Amino acid sequence: MTTVGEQICYSDAYARSVEATVRHVDAGDAPLVVLDRTVFYPGGGGQPADRGLLLRAGDGRTWTVRAARKVDGEIVHELEPGDGDPPAVGDALRVDLDWARRHALMRTHTALHALCGVVWRDYRASVTGGNMEPGSGRMDFEFETMSGDLVDAIEAAVNTELLAARDVRVAVLPREEAFSIPDLIRTKVNLLPEGIEQIRTIEIVGLDLQADGGTHVSNTSEVGRIRVTGYESKGRINKRIRIALEDT
Ligand SMILES: [Zn+2]
């Protein structure tokens with residue numbers, strides 16, 4: 001059993017390209033490729049998987065990666081059907097993200113954390129779920145007192161925090177240590193599976209701390225301003241807030 005390939009997205013969200021070697025190929029209608037290292041994010045936590053290209057150094061041939069996902073802990077790249085024969089095991093490739101899309105996702109993802117942080121700080125409402133596309137996203141809250149009247153105040157408070165140029169820090173903590181942090185408990189870190197010994201955290205310094213596997217920008221100033229584009233009541237308790245980046 002070999003160790004899994006290097007997963008650079010978790011330690012360096014700004015890495016958009018890397019040289020890699022093919023370790024495994026599943027030929028098929030949409031071929032699946034495993035590499036010894038990659039910059040692709042496999043999706044999860046509401047953030048869609050990356051797209052991009054594989055470029056073979058030897059002959060300049062390229063393949064479009066239309067999606068990625070994690071299978072048994074390994075990041076698998078799914079190629080566009082119809083791109084011809086897939087690369088072969090041992091091929092040297094350059095892995096290139098669709099960076100414009102990924103960076104928009106990093107900004108959107110960070111904006112959603114700012115929204116969570118503000119809603120928790122100002123209203124003590126916790127998050128139950130979320131989802132995003134490049135440039136827009138939504139979060140669901142247990143937020144009984146939410147009403148349309150609060151939209152403007154929430155938007156203004158989120159923008160104040162983003163423009164405050166707060167650093168965004170990534171850390172990996174032992175499970176026990178993570179469990180002792182009250183702010184993490186509210187994001188239901190205790191629901192993480194038993195087997196996970198290391199917990200990755202994302203902190204918007206002074207505003208928000210969450211257990212999280214996604215990619216984010218390193219300072220909130222990189223997000224710019226957001227707009228609250230929608231608010232829906234999903235029942236007495238559950239409320240959904242939609243946001244969009246002002247500048248995408
Ligand atoms: Zn996140």
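The radius of gyration here is taken over C-alpha atoms, and the globule rule is 2.2 Å times the number of residues to the power 0.38. For 248 residues, a compact globule would therefore have a radius of gyration near 18 Å, and the 19 Å of the protein chain agrees with that. The model is a predicted one. Its protein chain has four helices and 15 strands.

**Overall dimensions and surface**

- Along the principal axes, the C-alpha atoms of the protein chain fill a box of roughly 60 × 40 × 35 Å.
- Buried residues make up 47% of the 248 in the protein chain.
- The protein chain exposes about 11,600 Å², and 49% of this area comes from carbon and sulfur atoms.
- Among contacts with a separation of 6 or more, 65% are between residues 24 or more positions apart.

**The four-stranded sheet**

- An open sheet is built from four strands in the order β9-β10-β15-β14, with antiparallel pairing.
- β9 (126-133) and β14 (226-233) are at the edges with a single partner strand each, so one side of each has no neighbour in the sheet.
- From one strand to the next, the twist averages 20°.
- β9 and β10 (residues 136-142) run antiparallel and are joined by seven bridges.
- Gly-130 has Met-139 in β10 as its bridge partner.

**Helices packed on the sheet**

- Helix α1 (residues 99-123) packs on the sheet and touches β9, β10, β14 and β15 (238-245). The direction of α1 makes about 25° with that of β10.
- Helix α2 (residues 151-163) also packs on the sheet, where it touches β14 and β15. The direction of α2 makes about 140° with that of β14.

Note on methods
Residues are numbered from 1 along each chain as its sequence is written. This is a predicted model: local features need pLDDT of at least 70, side-chain atom pairs count only at pLDDT 80 or more; totals for chains, interfaces and linings use all residues. Side-chain values use heavy atoms; hydrogens and water are left out. Two strands pair if DSSP finds at least two bridges between them. Helices (H or I, at least four residues) and strands (E, at least two) are DSSP runs, numbered from the N terminus. Axes are lines fitted to C-alpha atoms, for helices over the stretch in contact, and angles run from 0 to 180 degrees between N-to-C directions. Contact means heavy atoms within 4.5 Å. Buried means under 20% relative accessible area, exposed over 50%, partly exposed in between (1.4 Å probe, protein chains only). Accessible areas come from the Shrake-Rupley method with a 1.4 Å probe; for residues, only the protein chains shown count as cover.
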